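Subject: Structure handover

Hi,

Here is the structure for your files.

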Amino acid sequence: MLRGFIQRFSLLLACLCLAAQVDAQVSITTPTVSDTKLASAPDYASEVLSDAWDMDKSSDFANFIDIADLGSGITNLSFSGGLANFTIPSAEGAFFHLLSPGQCSTNALGKNGQAFPIDTTKYRYLSIRMNTTVGSEMRVLWYRGCNYATNWVRSLPISTSPGWHTYTIDLATIGHQSSSGGDVAWNAAPATGLRIDPGYSGTLSIDWVRLTGTPPAEGSSSASYSFTSSGANSRHSMFLDDDDNPFNGYTTAPILDSGSTGTLNVSTEYLAPGSYRVSGVTSDDFATLRADPWDMQSSVDVQQMVGVSNPSFSSGAFTGTASGDAYFLLNLFGASINSSVYRYLCFQMTSASSGPTFLVWQNSSGTTLGYFSMAAGANVYSIDLQGQTLSSPSSQTLSVVGAGWSSGNWTKLRIPLRNGAFSVGWVALRQNGCSSSDSPPSPVLSPGHFIVNSPPTLKILQPDNRGGADFASTVLGNPWNFDNTDDVVSYAGLSTAEIYPNNYVDGLQGDFFHGTSSEGSGDPYNPVLQQSPTSSQRVDTSRFKNLIYKLNVARTQDVANGSVVRVIWQAAADGDALPFNGDDTMTQDGWNEYVQDMTKINLEPIMHAPGSYINPPWHGNVNYLRIDAHEFTPATEFYFDYVRLTADDETNSQFAITYELSDSDDDPSDVLVSFYYSASASLTNPQTIVQNLAMNRDSNVYLWDTSSLPAGTYYVFGIADDGYNTMKRTASGRLVKSSLPQDSTAPALVLDEPTAGRTIYSSMVVSGYGIDNIQTANIEVLADGELLGSFRPGRYSKAAHLAYATYAEAGNAGFFERIDTSGLSDGNHLIVVKIYDTAGNITSSGSISVDKAAGTDPSPIPEPTPENESPLTVPGTVATLTLTAKLDAKKNTASFKITGGLTCSQVDLIVSEKKSDLVKTVPVGTVLYSGGGSQSISLSASKLKGLVKKTKDIPVYVAALCNGQRTTPVKKISPVNLQNKKKLKTAAKWIAYLDTKLR
């Protein structure tokens, strides 16, 4: 059955009472009882985005919900029960994006047209399953770039009807009313965005949207039927629908009166996967033949009403109070009335008053009035629109003023209302006269169904774009997982800087860095790496390329005013005089993981004009790296869960290709997957890894022998095949065949549940933690050797954090999964849990004996309770500076160099004759230099005087300050060693003298 449909005929199939003699009959012969299965058409969202537009979550509307992607004319947006629901107060400004063109001058991470453009030569049929409250029109708009305001094309209006309907638009042939320039034709160039303008006011629900191409040869068929015409109901309609009742909404437009024999052609280019049946309806009523009789079960039957207060549609009656020239227009479903066929208007109405009144019918040529007399009370009216007197009950003589009914095809039909309370029970427009009641006919159904195949779904988990070895873990020995204050090397623009160890924030348990930006700053930042340009612990950019961070900005998304994250870095010893500023990355509400391929990052064009910088900008040995969480000017909280900088997945002799494969409507043994690799990102010249792995095999991991693979970078893809459709998926990340030793460290597995002897029911909890020194590939749960389920760890585990503090995954190694065991027979079973790392190393739990019982668990194991340990304040030190100070006795010169001050708003070089002055909380002394933050500051003075030598050395002390705080050790220098003949007597005088020389 259709999700969310409006049920208007609860007794439809039970009622066999027809409005008139039913001698006509439809006979449907195919599809037969054995059903006909069809291949589905290729769908853009499923194939390219790996996420069908099935309206199960907000991300089915573009990449993020922001004013640029959701028009101001749409309110109360919600996603529930597989439906997108919203209200349109005004058609002006109402639109929503299915695919966002993104934003120009950004790093477009996520689902958007910059990252995933639409191949318009392949995908062309846009189908929308939609429910509206009134008939109106919609338009489709598509883009040719990243700018919302330019290079777009808008279609001509597409008529919509009230109720549930499926609309299919051929974008390759639809007319265009306007564009902003560029290529107009749909297939002229790839489309970078897709927008729908509903074009009406009211409530709207969307069940699904598909953008499809031509289906495979097995995606088309036809149904055969015949029609015997005699008696009153001498007309028929044919429908294709996803249930047995076209009267609650049908899938395809009806075929009306095509002859005594015919076929209904079926092509899956406009059909979503599922089961469809052919139905036939015989009637002589205009609305019934369109599967929507005017039975007043809902407001769908009325296109417009005037002079009506307190309208209501309930229990098959349209009620209200009429005043003035009150009337209502019947919904004609976007069709026109053929006056040579339909001439008898029949309706049941209860009126508070009697008197003369008039019908109105219209078309583009004009308006016609038809006068008749309306009686008070409940009556059935039978009117011959050609003006002749009827013999049927409550017949009325119609006096026509203007063009006669039979003079054309009519697009509007208006029913009058007398002043006062009224009730309309039903309306019919017939070919063969009226009756005193109106009941819907029973549809005739095909023996079998058309089954539109649901393609297999394939997701490659490894290799992935999150990479493998983590820089902070493997090189620094301390991952950036914010479990202690050491993970914050400095910060600026913050009024609050804290570590939240083992806390629960916005639905996530973990260790977090919590910052609050200073009011008005608009630029809070906290570097994760701040090394000297010559440090041995800089980032080797030829290996570490993937930046991953999990971030939550505690402010409603507002791209225009600050929902922007920025990455900044520098390789000072490799030609970078200034840092590189990455371009904007739009942030989304709540917790989100952002994965940036640093080899493809765009730069801020205002700061980096093309041709003015080293290319590629991610180069050399990076000694400075920071992530600016947002750009809101008001004080704004934010949280980081972790930051990782990883190498691509690497292999020497073996790699664990890990995947998820499913198919909702085929036998698992019939669904196969094959894997291939290519040395080209365009996947040219693919080579086979393995073919025809069955979906029901006992593992979702394939251990690929890479020992004979030449050194280089490779791209892995897979093709799943269920016998009707294939689905191709490319791994999100690269795989590097490396000369590094093959990882031989087995992953760790600690299992809390299930325990031996545990009684399980329809589901079984599997909990604990699994962790690897590089990366966990998968955890699999087997029962008696057969795969029950698989997952990857991702929850916080304090035990894993304590046991493996130097592993990058330490903060996210936990798991708590409820595995479906309803398919297991009652009795004893042996459970085995296995963990794989990406190198193919395996650790197993061994066999765990459990007992399966019927039903659901009477005492289910609860999920872990959230914890909140006390926050740790990050020390006020805002940068770790390096100071070198040297007095050259032979040349009588002094030189000072301060490095690492890039994040300081102010750097000072301070000197004192007392060391104790410089080790104070607030150092005091003579400021020799003060200036803005910089990575490297050099100062020098020559031809210096020395100090008079006494019995002992007379040293002075220097230190560097960042934002008023000492961040370097205090250095001692000895002016008495200077060889200049001119000497000063006291350290204080020498300091004052040095100050003048440096200035």
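D244 is partly exposed, because its relative accessibility is 30%. The classes are: buried under 20% relative accessible area, exposed over 50%, partly exposed in between, with a 1.4 Å probe and protein chains only. R277 is buried at 15%. D244 and R277 form a salt bridge, with the closest N and O atoms 3.3 Å apart. D244 sits in the loop between β15 (235–241) and β16 (255–256) and R277 in strand β18 (residues 274–283), so the bridge ties together parts 33 residues apart in sequence. A salt bridge here needs a side-chain nitrogen of Lys or Arg within 4 Å of a carboxyl oxygen of Asp or Glu. Helices (H or I, at least four residues) and strands (E, at least two) are DSSP runs, numbered from the N terminus.

Before the rest, the ground rules. This is a predicted model, in which local features need pLDDT of at least 70 and side-chain atom pairs count only at pLDDT 80 or more, while totals for chains, interfaces and linings use all residues. Residues are numbered from 1 along each chain as its sequence is written, and side-chain values use heavy atoms, leaving out hydrogens and water.

Salt bridges

The structure holds 29 salt bridges. E650 and R543 make one of them, at 3.0 Å from N to O. E650 is in strand β46 (residues 649–651) and R543 in the loop between β37 (539–540) and β38 (544–553), so this pair joins parts 107 residues apart in sequence. E650 is partly exposed at 24%, and R543 is partly exposed at 27%.

R758 and E753 also pair, at 2.5 Å from N to O. R758 is partly exposed at 29%, whereas E753 is buried at 12%. A network of salt bridges links D51, D56, K57, D60 and K111.

Aromatic rings

How many aromatic pairs does the rule count? The count is 40. Rings of Phe, Tyr and Trp (its six-membered ring) pair if their centres lie within 6.5 Å; planes under 30 degrees apart are stacked, over 60 edge-to-face, the rest tilted.

F61 and F86 have ring centres 6.2 Å apart and planes at 70 degrees, so they are edge-to-face. F61 lies in the loop between α1 (44–47) and β3 (75–80), and F86 in strand β4 (residues 83–88), 25 residues apart. Both are buried. F61, F79, F86 and F96 form one aromatic cluster.

F347 and Y381 are stacked, because their centres are 5.0 Å apart and their planes at 20 degrees. F347 is in strand β22 (residues 344–351) and Y381 in strand β25 (residues 377–384), 34 residues apart. F347 is buried at 0%, and Y381 is buried at 1%.

Charges over rings

A charge sits over a ring if NZ of Lys or CZ of Arg is within 6 Å of the ring centre and within 35 degrees of the ring normal. R644 does this over Y642, at 4.2 Å from the ring centre. K728 lies over the face of F717, at 4.7 Å.

Two strands pair if DSSP finds at least two bridges between them. Six bridges join β65 (residues 893–899) to β68. T899 stands opposite S936 in β68.

Best wishes
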